[in-house]
Amino acid sequence: MSDFNDFNNEQVAKLPKHLRQFIVAQNYEKYTPIDQAVWRYVMRQNYSYLKHVAYYPYIKGLNRAGLSIEYIPDLQTMNDNLGKIGWGAVTVDGFIPPAAFMEYQAYKVLVIAADIRQINHIEYTPAPDIIHESAGHAPIIADTDYNAYLSYFGSIGAKAMFSSKDFELYEAIRRLSILKEAANVDEAEIAKAEKELKFIAENMGEPSEMALLGRLHWWTVEYGLIGTLENPKIYGAGLLSSIGESATCMDPKIKKLWYDINTINYSYDITQEQPQLFVTPTFQNLIDVLEQFANTMAFRRGGSESVLKAIECKNPSTAVYSSGLQVTGVFTDVGISKDDEVTFIKTTGQSALAFDGKELAGHSKHYHKDGFSSPVGKLKAIEKLLEDHDLTDLANLGITVGKRGNLTFESGIEVNGSVKEIIRKGEKTILIAFDDCTVKEANGNILFQPEWGTYDMAVGEKIVSVFNGAADKDAYEEITHISEQLTHKVIYDDATKRLHSLYQEVRDIREAGEGVEKLTELFNELKTNFRYDWLCAMQILEILHHTAGNPALENEVRIYLEMKAANEKELTKLINDGFHVIANPVTQLIAIED
């Protein structure tokens with residue numbers, strides 16, 4: 001991406017190639033006057049309510065993140081502000097794969113969906129949007145303990161093993177969220193996508209590491225409460241950005257449980273309100289629970305169980321030998337001894353070798369294009385580990401470059417060939433390459449034949465770690481799975497364009513503090529041609545109420561909205577909440593808090 005814009009932000013500038021691929025331009029000019037009004041309505045509602053229940057001073061947090069209640073945030077302004085606290089932000093197209101999302105967090109970059117919810121989903125949307133991502137996540141970033149948790153979670157999450165089912169689930173969730181936010185989509189198509197998602201979700205089998213971590217993320221970063229069970233405060237972005245759920249979640253009928261390692265047993269449904277929520281006494285407790293879970297993960301445990309997770313994943317992952325050698329590829333086989341020790345590993349298709357996260361010269365996925373396999377374990381009847389042999393020790397074993405050598409492992413695997421190269425890193429021998437080489441198991445089964453070329457034998461007694469993705473992601477060119485399904489772009493008809501200009505004219509009058517006399521004409525057009533709209537009328541009422549210049553029109557608009565609230569159930573709460581914020585203006589409250 002040659003035209004990559006780092007917004008002059010240190011964290012964004014550090015993003016590697018494989019993460020930059022998800023970034024899209026914000027295209028600020030695409031936000032319509034209705035989009036801006038939706039942002040303003042939600043933010044005013046949020047502030048009006050959240051000042052009582054949010055964990056931190058909401059407006060102070062917004063200001064520190066470069067956000068305003070009045071306008072959809074501009075990415076450059078956000079980056080200028082977030083940069084001061086060591087974070088950055090980029091815009092992406094809807095849901096991105098969880099591993100990439102986690103890695104952005106590890107790089108201290110907030111991922112923000114560029115789109116904004118439609119007005120008919122103003123209270124809640126299952127799709128990620130700019131309200132959720134920026135108004136939910138960004139204000140709390142200024143809290144040092146919390147942002148330490150967020151980036152640590154990212155670094156753990158980026159290593160989590162997937163199951164092949166997780167990839168199916170991601171695509172199904174992405175598809176449904178796109179359909180729900182698209183204009184004029186056939187209800188039958190949405191119902192079909194919901195059914196498909198439900199089927200996949202109900203047939204996931206044993207949850208993977210990523211699925212379990214997803215639960216911890218959901219019950220903290222998205223839906224977390226902090227404090228006491230009796231009087232918790234909200235810090236989760238899903239609650240902070242949902243004007244519906246931030247109010248209902250405090251209802252005593254929503255159970256409040258302490259957040260601990262057992263929280264991984266609670267799955268969640270993104271389309272429903274949550275039946276219970278979890279309260280942490282401190283942010284440090286979040287890190288402690290995450291650490292407890294990380295100790296059970298393949299990247300810390302290694303061994304046969306972890307290689308089996310890699311095989312089930314059916315996508316590139318990395319196994320690390322005790323020598324430090326890292327093997328990346330799609331794992332398809334593993335040898336396991338009667339003591340449950342790994343005796344060999346095998347990948348199929350493009351594979352690569354690395355050390356300390358950097359690809360070894362000459363061992364790219366193009367060189368190992370047909371896969372890689374190698375023994376794991378100790379040599380037979382030799383106490384010292386092969387990886388701990390220096391060149392003199394190796395010569396004593398008969399392993400010298402240019403000479404034929406023979407190695408027999410405790411597992412019975414025997415390697416016989418002409419030593420071509422020995423690669424050492426630090427104090428360890430990590431790879432021995434053989435020409436004219438035969439590798440066979442104790443039962444005579446041939447694993448490698450001379451005519452197949454050079455045999456690169458990995459060295460190491462154990463597999464100490466297995467993690468998702470490549471060791472050197474940029475060298476492996478892990479242009480992951482960018483979904484074929486892009487969010488739908490909207491084309492507006494003339495009537496909608498006219499409604500946009502009505503919204504804009506009302507905003508201009510409010511901001512200029514003049515032209516109130518035009519509101520009679522604007523309101524007449526609104527109620528004649530756009531009977532379904534309520535938010536523009538609400539904004540007209542706000543101006544009339546605060547200028548007190550035309551009591552008769554103010555009364556007419558209020559009655560018009562009250563009738564709507566009475567007759568259209570889905571608008572009742574929205575309109576009544578709008579009345580509340582007009583009567584208790586947010587601007588004064590901001591001044592008090594700051």
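Me: In this predicted model, which residue in β16 is the bridge partner of Ala 433?
Reply: Strand β14 covers residues 428-440, and β16 covers residues 455-458. The two strands pair in the antiparallel sense over four bridges. In β16, the bridge partner of Ala 433 is Asp 456.

Me: Over how many bridges do β13 and β14 pair, and in which sense?
Reply: β13 spans residues 414-425 and β14 spans residues 428-440. One of the paired positions joins Asn 416 to Thr 438 in β14. The sense is antiparallel, and the number of bridges is ten.

Me: Which residue in the turn between β13 and β14 has a positive phi?
Reply: β13 and β14 form a hairpin with two residues between the strands. The turn residue with a positive phi, of about 60 degrees, is Gly 426.

Me: Which residue takes a positive phi in the hairpin of β14 and β15?
Reply: β15 is made of residues 446-448 and pairs with β14 in the antiparallel sense over two bridges. Val 439 has its bridge partner in β15, namely Phe 448. Five residues lie between the strands of this hairpin, and the one with a positive phi near 90 degrees is Gly 444.

Me: Which element gives the largest share of the lining of the largest cavity?
Reply: The structure holds three cavities of 30 Å³ or more, and the largest has a volume of about 100 Å³. Its lining includes Ala 37, Arg 40, Tyr 41, Leu 535, Met 538 and Val 581. By class, the lining has six nonpolar, three polar and three charged residues. The largest share, five residues, comes from α3.

Me: Which element gives the most to the lining of the second largest cavity?
Reply: The second largest cavity holds about 50 Å³ of space, and its lining residues include Phe 101, Val 109, Glu 133 and His 137. At least two lining residues each come from α6, β2 and α7. The element that gives the most, with three residues, is β2.

Me: Why does His 500 count as buried?
Reply: His 500 lies in helix α18, residues 494-512. Buried means under 20% relative accessible area. His 500 is therefore buried, as its relative accessible area is 10%.

Me: Which residues are in contact with His 500, leaving aside its neighbours within four places in sequence?
Reply: Cys 536 is 36 residues from His 500 along the chain, and their C-alpha atoms are separated by 9.6 Å. With neighbours within four places in sequence left aside, the residues in contact with His 500 are Thr 32, Pro 33, Ile 34 and Tyr 492.

Conventions. Residues numbered from 1 in each chain as written. Predicted model: local features only at pLDDT ≥ 70, side-chain atom pairs only at ≥ 80, totals over all residues. Heavy atoms only, no water. Pairing = 2+ DSSP bridges. 1 Å grid on protein atoms, 1.4 Å probe; cavity = no way out; pocket = protein on both sides within 12 Å on 5 of 7 lines; lining within 4 Å. Points joined across faces, edges and corners; volume = space filled by probe spheres on them. Nonpolar A, V, L, I, M, F, W, Y, C, P; charged D, E, K, R; others polar. Buried < 20%, exposed > 50% of the residue type's maximum accessible area, 1.4 Å probe, protein only. Contact = heavy atoms within 4.5 Å.
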